[in-house]
Amino acid sequence: ENKPVVIVGAGVSGLALGNFLLREGIDCVVLERRDREYVERRQRAGVIDTRATRAFRKRGLEDRVVGGAPVQTGLGFRVDGEDRWLELAVEEHREGRFCPQQVLVRNLITVFEQDGGDLRFGTEVAVEDGERPRVRLGDGSVIEGDFLAGCDGSHGATRAAIPEDRITRHSHEYGYAWLVVLADAPADRPTLMAIHRRGFAAQFGRGPQASRFYLQCPLEDTPEEWPDERIWSELETRFGEPIPTKGTIVEKQVVPLRGEVHSPMSHGRIHLLGDAAHIVPPMSAKGMNLALHDADVFADALVHYYKNDDQSLLDAYSDTRLRDVWNYQAFATWFTDTMHDAGDPGSRGEFRHRVARADFERLFTSDTANRLLSEFMAGLN
Ligand code: APR
């Protein structure tokens with residue numbers, strides 16, 4: 001079998017790329033090892049930034065994919081138990097939307113199938129590097145493509161198929177972790193972040209009935225050390241207010257905060273997108289967005305290639321994206337460390353704590369500082 005573009009993985013990056021290509025009349029197949037139910041239920045990110053929203057709009061997909069999702073105009077904090085609202089300074093950048101990942105994914109699947117896209121669940125592939133990239137499916141059959149898009153996440157098959165000496169992994173450990181809790185508890189605000197001496201905490205709405213809660217914790221902690229009662233009482237302490245509906249906790253996990261970049265993002269006709277190429281900590285809210293920006297840039301490069309027989313944008317894909325990815329790793333390290341250090345003097349010391357408080361307060365007192373944050377939040381920096 002032959003397809004111009006073979007896409008491995010039906011997460012946010014693979015599905016977005018598939019839809020973008022379909023709109024441009026470029027044939028592709030999306031191959032996903034998990035079943036549809038699993039993919040549609042996976043809960044993770046929750047904010048689509050302005051740049052990503054515009055990528056859908058530019059291809060006439062905005063209404064069908066993110067229509068109805070509320071717009072993000074600012075950030076809600078609880079600082080030492082007091083409400084602080086930070087309105088994003090740049091009005092024309094306020095097009096980001098609160099859209100839980102599973103809603104985005106479900107919409108992307110629906111639109112792709114309605115438009116006649118070829119999406120195959122339950123299909124684990126092995127990737128074979130070569131003049132023309134090939135993937136081998138479980139039943140032994142082979143699909144060959146002009147190009148292969150590795151959208152298969154941080155443990156996918158595509159990056160693993162690139163010879164080790166052709167790609168470098170750069171990584172950073174933040175030194176602390178988040179206990180991530182999924183609960184059937186409605187959020188009365190779409191996001192709320194607590195800066196508190198006992199550590200950072202946050203609540204992000206995930207649809208009308210569910211929330212994800214985050215609690216900064218030591219790297220060594222395990223979910224067993226966090227029984228439900230301890231979670232609720234720690235959240236109430238850090239937010240400095242009672243949580244009215246506690247609901248059932250359906251999942252808890254300790255996730256170390258880290259950043260990772262694989263460079264270059266291209267190897268011959270194989271290109272990496274999304275988590276396959278880079279990881280940012282969830283605090284930055286850029287994981288899903290960088291995946292969408294990758295899909296946007298890569299789709300444009302393929303369109304340029306097929307319409308004009310010109311490979312230059314594909315050749316530039318890795319450099320173009322890495323410039324951006326490092327810029328957002330810079331934002332992610334600043335934002336993540338500042339929000340944690342502004343609360344917790346314990347893990348990195350009193351000096352860092354006071355510097356972080358100054359960094360945080362400047363967002364409220366300096367229009368320039370707020371504008372820079374707004375640009376990063378919008379994905380337009
Ligand atoms: N064959 C087929 N599919 C595979 C294979 C394989 N060998 N290996 C992995 N996959 C699939 C996974 O099952 C998964 O559905 O690839 C998909 C990768 O999806 P994600 O991990 O969500 O990666 P990505 O699309 O890059 O997501 C980007 O969105 O919400 C965020 O946290 C998410 O930061 C991440 C971002």
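Biologist: In the hairpin of S9 and S10, which residue takes a positive phi?
Modeller: This is a predicted model, where local features need pLDDT of at least 70, side-chain atom pairs count only at pLDDT 80 or more, and totals for chains, interfaces and linings use all residues. Residues are numbered from 1 along each chain as its sequence is written. Helices (H or I, at least four residues) and strands (E, at least two) are DSSP runs, numbered from the N terminus. The hairpin has four residues between its strands, and the one with a positive phi, near 95 degrees, is glycine 140.

Biologist: How many bridges join S9 to S10?
Modeller: Two strands pair if DSSP finds at least two bridges between them. In this pair, valine 135 has isoleucine 143 in S10 as its bridge partner. S9 (residues 134-137) and S10 run antiparallel, and the number of bridges is three.

Biologist: In which sense do S1 and S10 run, parallel or antiparallel?
Modeller: Isoleucine 7 has its bridge partner in S10, alanine 149. Six bridges join S1 (residues 2-8) to S10 (residues 142-150), and the two strands run parallel.

Biologist: In S17, what is the bridge partner of leucine 148?
Modeller: S10 also pairs with S17 (residues 270-272), over three bridges in the parallel sense. Within S17, the partner of leucine 148 is isoleucine 270.

Biologist: Which strands stand at the edges of the open sheet?
Modeller: Eight strands form this sheet, in the order S5-S4-S12-S13-S14-S11-S15-S18, with mixed pairing. Two of them have a single partner strand each, so one side of each is left without a neighbour in the sheet: S5 and S18.

Biologist: In S5, what is the bridge partner of arginine 78?
Modeller: S4 and S5 run antiparallel and are joined by six bridges. The S5 partner of arginine 78 is aspartate 83.

Biologist: Is aspartate 80 buried or exposed?
Modeller: Aspartate 80 lies in the loop between S4 (74-79) and S5 (82-87). Its phi is positive, about 50 degrees, although it is not a glycine. A residue is buried if 20 or more other C-beta atoms lie within 10 Å of its own, exposed if 12 or fewer, and partly exposed in between, with C-beta atoms placed from the backbone. Aspartate 80 has 12 C-beta neighbours inside 10 Å, so it counts as exposed.

Biologist: And alanine 285, buried or exposed?
Modeller: Alanine 285 sits in the loop between S18 (278-279) and H8. Its phi is also positive, near 55 degrees, in a residue other than glycine. Alanine 285 has 24 C-beta neighbours inside 10 Å, so it counts as buried.

Biologist: Which helices give two or more residues to the shell around the ligand?
Modeller: A residue is near a molecule if its C-beta atom, placed from the backbone, lies within 6 Å of it. Of the 28 residues around the ligand, Gly9, Gly11, Gly153, Gly274 and Gly287 come nearest. The elements that give two or more residues are H1 (12-23) and H8 (287-308).

Biologist: What is the mean pLDDT of the chain?
Modeller: pLDDT is the predictor's confidence in each residue, from 0 to 100. Here 100% of the residues reach 70 or more, and the mean is 95.
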